[in-house]
Amino acid sequence: MARRIVTVSDAGLAARCARGRIVIIDDDAEFLGALAGLLTMEGYAAETYLSASAYLQVLTFNQPSFAGPWCILCDVRMPEVDGLELQQQLAELSLAPMILMSGASGITEAVRAFRGGATDFLVKPFEVDALLAAIEKALTESSEAQRKIALHREVGAKFSSLTSREREVLQCVGNGHTNIDIATALGISLRSVKRHRQSGLEKLGAAGTADLVRILALLEEQ
Amino acid sequence: MAGFMPAIDVPTAVLHSALLYFIMPAVTWLVLVEQRTSQVRLWCLGGILIGLGVLLYGLHGKVPDWLAPSAAFAITIVGTLLRIQSLRMDLGIQWQRRTPLLIMLSVMIVFELLNRYFEAYVLRAQFGALAHAVLIFHLADLARRIGHNELSSSARWIAWTYALVGIAQIGRLVAIPFVSPNNPIPIQGGISTLVLTSTLILSAVVSHLAFIGLQLDRSRQRELKMVEQRGREEEKRKLADQIAHLDRQRGLGELSASLGHELNQPLATILTSVQTAKRGVETGYFQAPQLIELLEKVAQNTRRASQIIDRIRGYIRPSVAKAEVVDLNAVVSEALDLIADESRRHNVRIVREMLDSQILVRGDPVQFTQILLNMLRNAVEALSMSPLRELHIEFEQDGDWATARLRDTGPGLSPDAIEKIGSPFFSTKSGGLGMGIVISRSIAEHHGGSLTILNNLSNGGVGVVAELKLPTARVHLP
C-alpha cells in the first residue's frame, strides 16, 4: 500500500530538494503525517510511504527527482519488509544514508542497524531536535557522497580525454620516475616526455605532481 | 428347679419380651424418620417379626400346634434373617434372594421332620435353639464387624447384646434335656428360659437404642464430610482464579513488548506534533488553523494512548472472578485489540464474522478475554512461517450453547501435538511454559463450557480449529 504525499507545489519542490529530500517510511499513518508536517516546516522535501515495499516499488519505476542531498528515515518494526531488511536491500544499491527508528528499545536491533551501516538509530518518542540533528548529519553525508561521485565522474571524463601516450607518461610520473627514466623506458625523446606530461597535467587540471598523485589515487578507488 | 422360682411366671415374662419387640422397633421406625433406608426398614420389620414369633412361643400349648411352635419358629427365624440381611447390606455383602430362602426351607424341613415325623420333641426344641443360636451369633458377628469398620461403639453394643442372647440360647439347648425330657412344651422349663427371656428383653432395649445411635452417628458424619467437601471446592476455585490471574500477568509480560511499541507510537506523534507547533509558532510559520490541527492531533493521540493503557489495566485486574452477563462478541473484540500489534507485525489477516445481535454468556469477562487471547496468540504464532496467513473468526449460537471458533491457515498440529495438547508443560514454542491451554481449558470448564483444539478436517482444510464453547445466559443486556 503506497501513499505519497506531495506537501508543496512543484515550484517550491526544487528548492526543498536542494535543501534536502527525506523519504519517511512508517506503518503508523498518524506519525507519518506528524513527521512530514515537521520536516516540511523546516524546509525539507518530505516523501511518505506506509511500507517499505511501497517505497521499493516506487524506486524500481525510477521516479524523477530534483537534485540535492537526501536520506531515508525508516521504522524498524513493520509487517512484511521491516526496516533492517530494507537496509540490506538498499545496501546493495548503495543508496542514501538511513536513519532507523523504533518504538521498542531493542539492543540487538540497534546493533544490527549500525552494523548494516545506519547513520543513526532513534528511539520513539524522540525529541524533534535529535531528529533534526540526525537528519542534518545524514544529509551532510549524502552531500559528501554526491560530491565525491560528481568529482569522480568529472575526473574520469578528464582522464578519458587523455591520449594513450599521455596516460603512459603520467602513470610513470605518478610512480615517481624522472623524465629521463621515462624517456628511456618508453623509447621516446625527453622533449616528447615533457610535452606529454605538460598536456596531460593540463587536461587533468592538476597543478603539479602532488595533485596528479591524488587524482590517480581517486581513480583507483572506484 | 422349677419350684425354685414360683414368683416369676415364665410365660408372662416371655410375653413381655415379645411386647418390647413390638414397641422398640416401632419407636425406632418413628425416631429415624429422616433415615428410612431399606436397612432400617429390614431391621424394624425383622424386630416386629421376632416379637410376633416370641409372642407365639409364649402361647405354646394354648394355641394349635401349627402356630406354636412351628409358625413361631418360622417367624422368628425370618425376623432374624431380615435383621441379618440389614446388617449385611451395611457391610455390602448382602444375600441374594435365594440364600435366606434356602436357609429358611432347610431349617424348617428339619424342624418339622423332628416335630411331626419323629415326634422327637426334645430334639426338636434343641434344634430350634441351635438354629437360633447360629443365626444370632452370625448377627452379632456382623454387628461387630460394622463396629470395627466404622469405629462405632453403638454397633458393638448390638454385637454384645446379641452375643448374650446367643449364649442364652446355647444354655437352653444344653438345659432342655435335663429340665423337661418328656415335656412337649419345653418353654415351661425354668432358669434357662428365664435367662433367655432376660437377654431378649435386654436385647430389645439395647439393640434398638444402639441401632438408632448408629444411624444418627452416620448421618452426622455425612454432614461433616459435605461441609469439608464444600470448603475444599471453595479453596480450589480460589486457587484456579489465582492461577488464571498469574497467567494473565505472565501473558501481559510477554505482550508488553508489543504493547510498549504500540504505546510509543501515539506518544511519538504527540511529542513531534507539540514540538513542531512550538517551532512553528516561534518562527511564525504556523497560523491559528494549522496550530489547531496539530493540537487536535495531540488530543487524539493522547486518547489513543490512554485506550491502550485501559486495555492493559482491564486485562490485569486482580484475581477475584466476577460473574456477569457478557457479550462474547465484545470479548473477541477486546482480545483482538490486545493482539493487534503482534498480528500486524506478523502480517496476519484476520477475517471476522460480523454479528447483528449479541451472544450472551455468563461469567468473568476478563477470564474469557484471557482464553481468547491465548487462542489468538497461538494461532498467530502458528502462522509465523506460513505463506498464507489468515485467521477466521466465526460465531455460533444454538439455544443452550455459544461458540467462538478460530480457524487458521497454518500447518496444523503434528500427531504428537494432537496427543499432548492441553497437557501441562507441553509447548511447541521455545521457552514456552506449556500452561496456556491448560489454564484456558480449566477456565472454560469452570464456567461449564469447553475448549477444543483440533486439526481442521473439513473441506480438505488446513490448519487448526480452536473452539470455545460456553453455556448461554438467558438475560438481555440493556
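**Loops, contacts and a nonpolar patch**

User: Where is Pro125(A) found?
Analyst: This is a predicted model in which local features need pLDDT of at least 70, side-chain atom pairs count only at pLDDT 80 or more, and totals for chains, interfaces and linings use all residues. Residues are numbered from 1 along each chain as its sequence is written, chains are lettered from A and ligands numbered from 1 in the order in which they are written, and side-chain values use heavy atoms, without hydrogens and water. Helices (H or I, at least four residues) and strands (E, at least two) are DSSP runs, numbered from the N terminus. Pro125(A) sits in the loop between S5 and H6 of chain A.

User: What is omega for the bond that joins Lys124(A) and Pro125(A)?
Analyst: Most peptide bonds are trans. Lys124(A) and Pro125(A) are joined by a cis peptide bond, with omega about -5°.

User: How many residues apart in sequence are the parts that Lys124(A) and Asp26(A) tie together?
Analyst: The two side chains form a salt bridge, 2.7 Å from N to O; the rule asks for a side-chain nitrogen of Lys or Arg within 4 Å of a carboxyl oxygen of Asp or Glu. Lys124(A) lies in the loop between strand S5 (120-123) and helix H6 (128-160) of chain A, and Asp26(A) in the loop between strand S1 (21-25) and helix H2 (29-41) of chain A, so the pair links parts whose separation in sequence is 98 residues.

User: What area do chain B and chain A bury between them?
Analyst: 24 residues of chain B are in contact (heavy atoms within 4.5 Å) with 27 residues of chain A. Buried area is the accessible area (1.4 Å probe) that two parts lose on being put together, summed over both. Of this area, 52% is on carbon and sulfur atoms, and the total is about 2200 Å².

User: Which helix gives the largest share of the side of chain B that touches chain A?
Analyst: Four salt bridges cross the interface of chain B and chain A, including Glu42(A) with Arg279(B) at 3.1 Å, N to O. On the chain B side, helix H7 (191-283), helix H8 (288-315) and helix H10 (340-345) each give two or more residues. The largest share, 14 residues, comes from H7(B).

User: Which helix gives the most to the nonpolar patch?
Analyst: Patches here join nonpolar side chains (Val, Leu, Ile, Met, Phe, Trp, Tyr) within 5 Å, or like charges within 9 Å, from residues with over 30% relative accessible area and no salt bridge. Accessible areas come from the Shrake-Rupley method with a 1.4 Å probe, and for residues only the protein chains shown count as cover. The patch covers about 820 Å² and has Phe137(B) and Ile167(B) among its residues. Five of its residues come from H6(B).
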